[in-house]
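This report goes through selected side-chain pairs, a helix packing and a surface patch. The sequence and structure are shown first.

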Amino acid sequence: MGKTTKGRNVAILFITLMLFWLMLNGKLDTDVLIVGTVVSFVIALMYRDGLSFFTEFRFTPAAFMAGFRYYGYFFKELFKSNVKLAAIVLSPSLPVKPAIVKVRTKLKSRMGRLMLANSITLTPGTLSVEMDGEWLYIHWVRMETDDIEEATACIVSGFESYLEVMYG
């Protein structure tokens, strides 16, 4: 990671923390600004190699549009998987077929892969267990297929299409 990237990460993290601080306080008094600036700067320096939402984000109009569409897609999948899991739990036969499936991601960026793994985990019925290079191991409450390509299409491809535009 070069100096420019680290500097950019510090600036992005500082701005994110400062905005969060100001939203929490709801005022622009001098003491609030001074404390927020100092604390945000120290935290940004301490965690300059860490990941934030904007780390590796492509600041292009297409990436911003993909971001909005990603959240729409995520909430749709969240709703669908909640209904699907509720139907499984409420069914007297409890039709579960738990398994860990191996899927592949095309994403290259660390943040893109992190967002993908978290999105999969946040949708009920699937849980990201491990990531090893381009491979993700997903615990699936009701395995629909053990074929890598089919499981990838079923679990990963929808999220990935937006994340690829946002992060690469």
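E77 and K80 both belong to helix α3 and are 3 residues apart, about one turn of the helix. In this predicted model, E77 forms a salt bridge with K80, and the closest N and O atoms are 3.2 Å apart. The structure holds 5 salt bridges.

E77 has a relative accessible area of 18% and is buried, because the class takes in values under 20%. K80, at 43% relative accessibility, counts as partly exposed.

## Salt bridges between distant parts of the chain

K84 forms a salt bridge with E144, with 3.6 Å between the closest N and O atoms. This pair links distant parts of the chain: K84 is in helix α3, E144 is in the loop between β3 (135-140) and α5, and 60 residues separate them. K84 is partly exposed, with a relative accessible area of 47%, and E144 also counts as partly exposed, at 47% relative accessibility.

The side chains of E164 and K106 meet in a salt bridge at 3.8 Å, N to O. E164 lies in helix α5 and K106 in the loop between β1 (99-104) and α4, so the pair ties together parts that are 58 residues apart in sequence. E164 is partly exposed, with a relative accessible area of 30%; K106 is partly exposed as well, with a relative accessible area of 49%.

## Packing of α3 and α4

Helix α3 (residues 61-90) packs with helix α4 (residues 110-122) at an angle of about 30°, and their axes are 10 Å apart. Angles under 35 degrees count as roughly parallel, and α3 and α4 are therefore roughly parallel to each other.

On the α3 side, the residues that meet α4 are Y70, Y71, F74 and L78. Their counterparts in α4 are M115, S119 and L122.

## T152 in helix α5

T152 is found in helix α5 (residues 148-167). With 8% relative accessibility, T152 counts as buried. Leaving aside residues up to four places away in sequence, T152 touches V103, R104 and S157.

## A nonpolar surface patch

I34, V35, V38, V39, V42, I43, M46 and Y47 form a nonpolar patch on the surface. Together these residues have about 720 Å² of accessible area.

One of the patch residues, I43, is located in helix α2 (residues 30-46). I43 is partly exposed, with a relative accessible area of 31%; patch membership requires over 30%.

Note on methods. Residues numbered from 1 in each chain as written. Predicted model: local features only at pLDDT ≥ 70, side-chain atom pairs only at ≥ 80, totals over all residues. Heavy atoms only, no water. Patch = residues over 30% accessible without salt bridge, like charges linked within 9 Å, V, L, I, M, F, W, Y side chains within 5 Å. Areas by Shrake-Rupley, 256 points an atom, 1.4 Å probe, with all protein chains shown as cover. Salt bridge = Lys/Arg side-chain N within 4 Å of Asp/Glu carboxyl O. Helix = DSSP H or I, 4+ residues; strand = E, 2+ residues; numbered from the N terminus. Buried < 20%, exposed > 50% of the residue type's maximum accessible area, 1.4 Å probe, protein only. Axes fitted to C-alpha atoms, helices over the stretch in contact; angles between N-to-C directions. Parallel < 35°, antiparallel > 145°, perpendicular 65-115°, else oblique. Contact = heavy atoms within 4.5 Å.
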